[in-house]
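Here is a short report for a reader new to this structure. Look through the sequence and the model first, then read on.

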Amino acid sequence: MSNKEKEIVRKDRRSFLSVLPLGVLGVVGASLTIAAKRSLEPHTVAAADEGWKSLGDVAEIAGEEPIEKTIAVTCRSGWSKTVEDVSVYVLPKHDNKVLSSVCPHEGCPIVWDADSKNFLCPCHDSFFSDEGQRLTGPAAKDLTEYETRVENGKLQIKV
Ligand code: FES
């Protein structure tokens, strides 16, 4: 190999080594961008759990008071998937309407107040009627109502 050819090989090696750190930085930057995007994604019910969830035999749902039921749903937040118990209220007095137990203000769990016959949020004192309509407090919306159906004698909600 002539001296001129050796010099060309050295220059190619130097130019490759000078570009290598940029390539490594590019890969690290892309990985961090993907991780940041995933961690900022909203907490959602995973696709695997989207569908209908049973709340039990419709024949056993009766009475004047809301009935609290718990369902397990898979939630996804960033990289992680977790199974969480979610409470809902079935309203036998109102044609088995089903309400979320999450306050639309800042997400605290609401409770049924048997004395006033209303739902209330203990965090900032929002009150909702026995059908979930907003009455007072900082919550700007009614309680969320689930889509329901009866399938093979079971009351189901769409999650
Ligand atoms: S979270 Fe319910 S009133 Fe604020």
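Three strands make an open sheet, ordered E2-E11-E10, with antiparallel pairing. The model is a predicted one. Strand E2 (52-57) and strand E10 (148-151) stand at the edges. Each has a single partner strand, so one side of each is left without a neighbour in the sheet. From one strand to the next, the twist averages 30°.

E2 and strand E11 (residues 154-158) run antiparallel and are joined by four bridges. Across this pairing, Lys53 stands opposite Ile157 in E11.

Another open sheet has four strands, in the order E6-E7-E8-E9. Its pairing is antiparallel too. Here the edges are strand E6 (111-113) and strand E9 (134-136). Each of these has a single partner strand, so one side of each lacks a neighbour in the sheet. The twist averages 40° from one strand to the next.

Strand E8 (residues 126-128) is joined to E9 by two bridges, and the two run antiparallel. Phe128 has Arg134 in E9 as its bridge partner.

| E2-E11-E10 | E2 (52-57), E10 (148-151) | 30° |

Next come the cores. Which residues make up the largest nonpolar core? It holds 12 residues: Tyr89, Leu91, Leu99, Cys103, Cys108, Ile110, Trp112, Phe119, Cys121, Phe128, Ala139 and Leu143. Strand E4 (80-91) and strand E7 (118-121) are the elements that give two or more residues to this core. A second, separate core has 11 residues, including Leu55, Ile61, Ile71 and Ile157.

Ile110 belongs to the largest core. Leaving aside residues up to four places away in sequence, Ile110 touches Tyr89, Ser100, Ser101, Val102, Cys103, Phe119, Leu120, Cys121, Phe128 and Leu143.

In one of them, the ring centres of Trp112 and Phe119 are 5.0 Å apart. Their planes stand at 65°, over the 60 degrees needed, so the pair is edge-to-face. Are Trp112 and Phe119 buried or exposed? Both are buried. Together with Tyr89, they form one aromatic cluster. Tyr89, Trp112 and Phe119 are also listed in the largest nonpolar core.

Note on methods
Residues are numbered from 1 along each chain as its sequence is written. This is a predicted model: local features need pLDDT of at least 70, side-chain atom pairs count only at pLDDT 80 or more; totals for chains, interfaces and linings use all residues. Side-chain values use heavy atoms; hydrogens and water are left out. Rings of Phe, Tyr and Trp (its six-membered ring) pair if their centres lie within 6.5 Å; planes under 30 degrees apart count as stacked, over 60 as edge-to-face and the rest as tilted. Buried means under 20% relative accessible area, exposed over 50%, partly exposed in between (1.4 Å probe, protein chains only). A nonpolar core is a set of buried Ala, Val, Leu, Ile, Met, Phe, Trp, Tyr and Cys residues joined through side-chain atoms within 4.5 Å. Contact means heavy atoms within 4.5 Å. Two strands pair if DSSP finds at least two bridges between them. Axes are lines fitted to C-alpha atoms, for helices over the stretch in contact, and angles run from 0 to 180 degrees between N-to-C directions.
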